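Dear colleague,

Please find below the structure that I am handing over to you. I would be grateful if you would read the notes that follow with the structure open beside them.

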Amino acid sequence: MKKPNILLITSDQQHHSTLGRVNPKIRTPSLDRLAAQGTSFTRAYCPNPTCTPSRASIITGMYPSQHGAWTLGTKLPEDTPTLGGILRGRGYGASLIGKAHFQPLQTTDEFPSIESFEYLKDLDFWKRFDEVFYGFDHVELARNHTNEFLVGQHYAAWMEEKGLSNWRDYFAEPVGRMKETVTGRWEIPEAYHYDAWIAERTNAALGRYAASDQPFFLWASFLDPHYPQMVPAPWDTMYDPEDIEIPPFDIAEHDRNPPYFRQAFEENPDFTAYRESGFGIHGLHRHVYDVADLKRQTAVYYGMVSLMDKYVGRILDRLEALGLADDTIVVYTTDHGDLFGQHGFRHKCVFHYEDLLRIPFIVRYPGRVPANADSAALQSLVDLAPTFLSYLGADIPRAMTGVDQRLVWNGEQGAARRHVIVENRHEPTTMNLRTYVDDRYKLTVHCGRAYGEMYDLQEDPGETRNLWGDAAYKDLKIELLLKYAEAELLKEPMWMPRIWGA
């Protein structure tokens, strides 16, 4: 039997509702087509609502507390076993095109980082780069979101090779020449947008694999719709801001929540007590916004998704044209969700609402995964690595703590999980959250704090009524705390089997 190829396509910070098949206000024909050919999992979760921890979990099959890249500004140790490394040992090619973010923007002698700022702008370094990177024997990388000054790496080198000699005009200082970032139109021509680059380079990799008949693991890692919200014409005006619905919000819902929720709406909130490492904490700032401005930002966000969908379509078309589609497992997902007005908040943060934790998740594998199907079976990004290995008939390393979902993806089993765990250790102790989610309930505990969150997702899908402190739900709280404790115990790795009595 032919070894299956693996094509993983991800976005960055995409709300689970921004798919045309579930939201008539947005157009995503390519992803809708993929969903029609496969199964959409409507209850998929990230293992951490920030980039580095979640992305590291994808390639390791481990939780952030286990692989070490526990928050932003950390790095995944280079000696950590990864999916790409395991597959290369089985004759696969392994490529990553787009965003990695396994390492921080600063480098030190103790923790060197080639994703640091000083390396990003060294284009000669990236033109020569041919090392194995976290198991990938071929990488082409970018780190910037829209016009950020973090532009560089292979993407900037590609723009130069394509003849865009003035590419710095479209990016922020100090690398570029733009003095500000403005929501709306990004003047860079679409042909030089990183979506076009990712699709072109992914398709080139597909062509190489098809020509050599080598099985592959290929990750096309898009950078949108992560803020700042900017997109080339005509995508910036594709959606009318007046058609955007901002979720209703009553600040009274935060009366029952941890104190920093309501504090975010004060005139000058002081979060000093939570700052432990000296670095920023996503979401701990003032969250008061102008509704018209938020509608405009969200309309551009939708445009970013639709532009990305166009280039996802080009990749899927190339896969089919090369005759690879029937032998390739395709997964589309994102690293974490987003907030655009829900509960009064914006962007990724330490508020563990479904908007931030739930993610789009589509699987296609012709003849194996049911077509045009929906499933509410719980999924986590930490499950990707062990599940891919299961399809290969490969042994799953004992250090991997994700769940093998192969039978669930195939429609042969209703569920492989009873719960998911989401970690968010944004500070060592002061901002260290764990969320337990099962078929109906959701519980969030905070390290060293008496406060917490508990929601009945069946009766309160909008998560506006925190039951944590409600005496009427005391027994339920105790039950869920015990289930959470069990879930933590069960996700402990058992890398050493017991081989004798003593």
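This is a predicted model: local features need pLDDT of at least 70, side-chain atom pairs count only at pLDDT 80 or more; totals for chains, interfaces and linings use all residues.

Residues are numbered from 1 along each chain as its sequence is written, and side-chain values use heavy atoms, with hydrogens and water left out.

Helices and strands are DSSP runs numbered from the N terminus (helices: H or I, at least four residues; strands: E, at least two).

**The helix pair**

Two packed helices are described by the angle between their axes and the distance between the axes. Helix α7 (residues 153-161) and helix α8 (residues 194-212) have axes that come within 11 Å and cross at roughly 95°. Axes here are lines fitted to C-alpha atoms, for helices over the stretch in contact, and angles run from 0 to 180 degrees between N-to-C directions. The two helices α7 and α8 are therefore roughly perpendicular (65 to 115 degrees; under 35 is roughly parallel, over 145 roughly antiparallel, and the rest oblique). On α7, the contact (heavy atoms within 4.5 Å) is made by H154, Y155 and W158, and on α8 by Y194, W197, E200 and R201. By class, this contact has four nonpolar, one polar and two charged residues (Ala, Val, Leu, Ile, Met, Phe, Trp, Tyr, Cys and Pro are nonpolar, Asp, Glu, Lys and Arg charged, and the others, Gly among them, polar).

**The buried strand**

Strand β15 (residues 432-437) is largely enclosed by the rest of the structure, because six of its six residues are buried (under 20% relative accessible area; exposed is over 50% and partly exposed in between, with a 1.4 Å probe and protein chains only). In a regular strand the side chains alternate between the two faces of the sheet. N432, R434 and Y436 point one way from β15, and L433, T435 and V437 point the other way.

Strands pair if DSSP finds at least two bridges between them. Strand β14 (residues 420-425) runs antiparallel to β15, joined by six bridges, and V420 stands opposite V437. A hairpin of six residues links β14 to β15. Strand β16 (residues 441-446) also pairs with β15 in the antiparallel sense, over five bridges, and L433 has H446 as its bridge partner.

Three strands form an open sheet with mixed pairing, in the order β10-β3-β13. β10 (358-359) and β13 (379-380) stand at the edges with a single partner strand each, so one side of each lacks a neighbour in the sheet.

Yours sincerely
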